[in-house]
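Hi everyone, thanks for coming along. Could you bring up the sequence and the model on your screens? I'll talk you through it while you look.

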Amino acid sequence: VAITTRLLVSHLSGIRHYEKDITKVKEEKEKANRAFKQTKPYKDKEQKEKEGKEIEKTDSAKLRKEHEGEVKSRNSKPGGKDKEFEQEEYYLKEKFESVFESLKIFKNDPLFFKPGSQFLYSTYGFTLLSAIVERVSGQKFTDYMLKMFRDLDMLSTVLDDNEAMIYNRARCYVYNKKGRLVNAPYVDNSYKWAGGGFLSSVGDLLKFGNALLYSYQAGQFKSTNGKLLPGYLKPDTVAMMWTPVPKTEVSWDGDGKYAMAWAVVEKKQQCGCCRQQRHYASHTGGAVGASSVLLILPEELDSEAVGSGLVAPPRGVIVSIICNMQSVSLNSTALKIAREFDKEKWAQ
């Protein structure tokens, strides 16, 4: 089979995640699908009641309970048990000297499916991507990334190196089996620099989001008399990164699809005065003792304002949340914050 970088970056490669047993992965997917189908009648009933229509009663309490149970299993709240973090490979303590060395963890494992046929989120797919970046660039992956962070003025974003003295490094926490808050166990993330091996700050993540949003919108601002600097990436590149890819899914937002290393929700409104989806891109992060999210809500640009040259990119709302606690679902919170700021801006 052939695995392309596009398949890797959209998690369609077939390379496993932390779970080695494909049967268990299929069972979890089927369980999630069943939960979605079961909650649909409840949601339809709720909608019809709001419209004042009479419908036959269903066992909505039971459906609600089952739905809540499934949501908890996917997005564990503080104090809950997240099954993903039961995987042993989350807690590796071995130090890997290079990204190529870390490939040995999974390189001999069978693919879970034919590349391109199904979606499976895979941290190890990004480990392979880091090896590709290293081979193509001719630099160590970590050196390549740190230079990029410096270019973006992200001076607080560094490798999560246990030996290094890192200023203001936060301590991370988890809940033990008794529900008590304890220090997170020691782990070495050198086996997955690309998929979860960097430390950052809220400020740096906002800079990263602004750089992407600027790059995305720069091509639309043409009446600037040559005063507008180019984006870090080409507008078409970011647009491609934020274009949903078929056969993908997003665990933290049922309205979204996975694109290229980003989850994307497209603009959508089926009927007048009904729920409106705004176009946004986001990604959550989960590690031993930590959770995070970065969400980018682009402004719907007015052609007259853009043409006047009175406004310049980036235009929109960026929300970054970092929490030094494991298994905290943050995407919905970030989206609510973004919408409030967006609403306030238009009210002015």
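Let's start with the cysteines: this structure holds zero disulfides, a disulfide being a pair of cysteine sulfur atoms within 2.5 Å. As a reminder, a disulfide is a covalent bond between the sulfur atoms of two cysteines. Cysteine 271 is in no disulfide either, and its nearest cysteine sulfur, in cysteine 274, sits 4.5 Å away. Cysteine 172 is partly exposed at 25% relative accessible area, and cysteine 271 is partly exposed at 44%. For those words, buried means under 20% relative accessible area, exposed means over 50%, and partly exposed is in between, with a 1.4 Å probe and protein chains only.

A quick note on the source: this is a predicted model, where local features need pLDDT of at least 70 and side-chain atom pairs count only at pLDDT 80 or more, while totals for chains, interfaces and linings use all residues. Residues are numbered from 1 along each chain as its sequence is written, and side-chain values use heavy atoms, with hydrogens and water left out.

Now for the charges. How many salt bridges does the structure hold? There are 14, where a salt bridge is a side-chain nitrogen of Lys or Arg within 4 Å of a carboxyl oxygen of Asp or Glu. One of them joins arginine 16 to aspartate 109, with the closest N and O atoms 2.6 Å apart. Arginine 16 is in the loop between α1 (5–9) and α2 (22–50), and aspartate 109 is in the loop between α4 (99–102) and α5 (123–137), so this pair ties together parts that are 93 residues apart in sequence. When I say helix or strand, I mean DSSP runs numbered from the N terminus: H or I of at least four residues for helices, E of at least two for strands.

Another salt bridge pairs glutamate 94 with lysine 104, whose closest N and O atoms are 3.4 Å apart. Here glutamate 94 is in the loop between α3 (60–74) and α4, and lysine 104 is in the loop between α4 and α5, 10 residues apart. A further one is between arginine 169 and aspartate 160, at 3.2 Å between the closest N and O atoms. There is also a network: Arg16, Lys20, Glu89 and Asp109 are joined by salt bridges that share partners.

Next, please find helix α6, residues 141–151. Its buried residues are Phe141, Thr142, Met145 and Phe149. Looking down the axis of α6, these buried residues fall within an arc of 95 degrees, so they line one face of the helix; the arc is that of the directions from the helix axis to the C-beta atoms. In general, an α-helix has 3.6 residues a turn, so residues three or four places apart point the same way. What do the buried residues of α6 pack against? Their partners are α4, α5, β1 (158–159), α7 (193–196) and β4 (198–199), with contact meaning heavy atoms within 4.5 Å.

Phe149 brings us to the rings. The count comes to 12 aromatic pairs: rings of Phe, Tyr and Trp (its six-membered ring) pair if their centres lie within 6.5 Å, and planes under 30 degrees apart count as stacked, over 60 as edge-to-face and the rest as tilted. Phenylalanine 149 and phenylalanine 198 have ring centres 5.3 Å apart and planes at 85 degrees, so they are edge-to-face. That pair links helix α6 to strand β4, 49 residues apart. Ring pairs also link Tyr18, Phe85, Tyr90, Tyr91, Phe106, Tyr124 and Tyr191 into a cluster.

Last stop, the strands, which pair if DSSP finds at least two bridges between them. Strands β6 (residues 263–265) and β7 (residues 280–287) pair in the antiparallel sense over three bridges, with alanine 263 bridging to serine 282 in β7. β7 also runs antiparallel to β8 (residues 290–298), joined by seven bridges. In the β7 and β8 hairpin, two residues sit between the strands, and glycine 289 takes a positive phi near 90 degrees.
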